[in-house]
Structure formats: structure tokens, C-alpha cells
Amino acid sequence: MGGMGSRERARHWRYAALPGVDLLRARYIEKTFVRHTHEHFVIAAIAEGVEVFHHRGADQYAAAGALALVNPDTPHTGRAGVPEGWQYGAVYPSPELVAEIAAETTSVRGTPGFVRPVLDDPYAVRLVHQVLRAADEGNALAADTLLRVAVTRLLRLNGGAMPQREVRTAGGLVAVRAREVLEGRMAEPPSLEQLAADLDTSPFALLRAFRDVYGMPPHTWLTDARVRRARRLLDAGVSPAEAALVVGFTDQPHLNRHFARIIGVPPGAYQRERKNVQDLR
């Protein structure tokens, strides 16, 4: 599992004129994304090939001309659905930005989100690629306009109010407390047995409850949370080697591997692109 194959390439960046939006352009062949979540929405516009991603218990297939749409904090994976892989452009707008657009241009009330994870819409696919091109060319007016048009269109075609998941069961409350413990002890987390004992439950009851609430077992969730925190540290200028230790990876190669399998690029490349945005400001 070395670096990317010679035919694979990816760029993950930000454009200062689009605050709260991550941008990605990639071609992947053998790449696999492990189960993970994003704090932002995923709007991935497939240009060639097929992406398969596991989402809410089923494999979803997004082919050229379709968009993969994932709501914030929703576990999903990603891999090629055909031998030649897939090529795509993606925008990751913040929940705040999507809510602002929904309030202004749609009738969705409550917390807006996408209803179906795959939408066939070549027109919206083109809009997403035009956003990325405008960002590349430093055309702030076009990038911002096209992003808003694309999000509005996707919400009108495939938007709705997201159900608010109230955690009321005893198991659910245990899962929430377990998550709080892991967040507080990220660098030196307890074992499953110790965590269960501290919360007055059994390891398997805790495992089941955690999966029910967060869609993944605690160790997978912890890796995801560590990468999230590492991203924030890298954004703040902390070196990858230091970030790795702060979030609890044994060394930088561990951070590199997990980061690339969740974000799509290694931490060094991610941070270099972020620095460019800071410099432009």
C-alpha cells in the first residue's frame, strides 16, 4: 500500500473566496476509503468510471453523470466499482452554508440534507466541475455563484429535513458517554473492557450500543476522530509528525496511512495546499 499508483492523482484544497468549503479533484483506481464521516456535506460529481460506497447498510453505485451525496456525520466508505476506477470532482460545503442556501432558496425547514445518496444529474455534475475550475482560475464571483446554484438544485431535486436523532435509550446514553470519554482521552484511550467497566456495562453491550448510535465500532470511530483532530492541527500549522503524536497515533506513518484512507491525500500534501490559501489572504 505505498503511495498512489502512477495513474492515481488527487488534490484536496481550499479557495479563500469560498469559506467553509473543501475542494477535491481526484482520479482513483485502487484507492479505498475506510468507513468514516465528514463534518461537512459530501457532493461528489463523477466524471468517469464508477464509485461504490457503503452507506446506511447498502452499497451505492455512482457512475459518470451521477453525484454521490452524503450528509454530515454519516458513515460511508468508497472504492472503485470498475477496474479503471473513477474520476471525480467534489465540494464539501459546511452545514451552516447549506442551511443558509436552503433557507434562502428552498422550502426545506429544519436541518436540510440529502434524501438519496446517489442522484443521476449530469447538469449538476457539470456545475460542480465548473465550481472547481472557477476556484482554480481565481474567479471568486463564478465559484461562489455556481456553488450556490449547484447546492440549490441538489436540494430541490433531492433535499429534505433531516430527522433529529434523539438518543433516549439507556444503551444510547452509554454510547454518548463512551464517545465523550474517547474524545477526552484520544491519545491514551482505554480498552473496550475498561471503558465498559467505567460505564457500568459489558463490552459487547457497549459495542452494540455504540454501533447503533454512531454507525461504527468505537475503534473505527476513534481513528476517524483522530484524523478529524489532526486536520484541525494541520490547518493551524502543526507539523504532521507532531499532529500524529498529539492525536494518539504511534508515529507519522500511522497518521499518513489513516489520513490518506479518510481524506484522500496524505497529511503533507493536505497541509501544503492549506498554506497556499493562507498565503493568498
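The largest pocket of the structure is lined by 38 residues, and those nearest its centre are P72, D73, T74, R165 and V213. The structure is a predicted model. The space in this pocket comes to about 1000 Å³. Several elements supply at least two residues each to the lining of the largest pocket, namely β4, α1, α4 (170-184), α6 (203-214) and α7 (218-235). Helix α7 provides the largest share of that lining, with six residues. By class, the lining of the largest pocket consists of 15 nonpolar, nine polar and 14 charged residues.

D73, one of the residues nearest the centre of the largest pocket, is located in the loop between β6 and β7. The phi angle of D73 is near 55°, which is a positive value in a residue other than glycine. D73 has a relative accessibility of 49% and therefore counts as partly exposed, since the class of exposed residues begins over 50%. R56 also has a positive phi, near 50°, and is likewise a residue other than glycine. R56 sits in the loop that runs between β4 and β5 (58-63). With a relative accessibility of 63%, R56 counts as exposed.

One cavity of 30 Å³ or more is present in the structure. About 140 Å³ of space lies in the largest cavity. The elements giving two or more residues to the lining of the largest cavity are β3 (32-36), β4 (42-55), β6 (66-70), β7 (76-80), β8 (86-93) and α9 (252-263). Strand β4 gives the most, with four residues. In total, 15 residues line the largest cavity, and V42, E51, H76, Y88 and Y92 lie nearest its centre. The lining of the largest cavity is made up of 10 nonpolar residues, four polar residues and one charged residue.

The nonpolar residues of the interior were then considered. In soluble globular proteins, nonpolar side chains tend to be buried together. The largest nonpolar core in this model contains 32 residues, and L18, L23, I43, L67, V91, L147 and L154 are those with the most contacts inside it. At least two residues of this core come from each of β2 (21-28), β4, β6, α1 (95-105), α2 and α3 (140-158). Helix α2 supplies the largest share of this core, eight residues. Another core, of 31 residues, lies apart from it and includes L206, M216, A230 and A243.

L23 is among the residues with the most contacts inside the largest nonpolar core. When residues up to four places away in sequence are not counted, L23 touches R11, H12, W13, R14, Y15, L18, A90, V91, Y92, L132 and A135. L132, one of these contacts of L23, belongs to helix α2 (residues 122-136). L132 has a relative accessible area of 0% and is therefore buried.

An α-helix has 3.6 residues a turn, so residues three or four places apart point the same way. In α1, the buried residues are L97, V98, I101 and A102. These residues cover an arc of only 135° around the axis, so they are on the same side of α1. The exposed residues E96, A103 and E104 are on the other side of α1. The buried residues of α1 pack against β2, β8, β9 (112-114) and α3.

In helix α8 (residues 240-247), the residues P240, A243, A244 and V247 are buried. The buried residues of α8 fall within an arc of 105° when seen down the axis, and so they line one face of the helix. A243 is also among the members of the core of 31 residues. Just after α8, G248 takes a positive phi of about 105°.

Technical notes:
Residues numbered from 1 in each chain as written. Predicted model: local features only at pLDDT ≥ 70, side-chain atom pairs only at ≥ 80, totals over all residues. Heavy atoms only, no water. Buried < 20%, exposed > 50% of the residue type's maximum accessible area, 1.4 Å probe, protein only. 1 Å grid on protein atoms, 1.4 Å probe; cavity = no way out; pocket = protein on both sides within 12 Å on 5 of 7 lines; lining within 4 Å. Points joined across faces, edges and corners; volume = space filled by probe spheres on them. Nonpolar A, V, L, I, M, F, W, Y, C, P; charged D, E, K, R; others polar. Core = buried A, V, L, I, M, F, W, Y, C linked by side-chain atoms within 4.5 Å. Contact = heavy atoms within 4.5 Å. Arc of directions from axis to C-beta.
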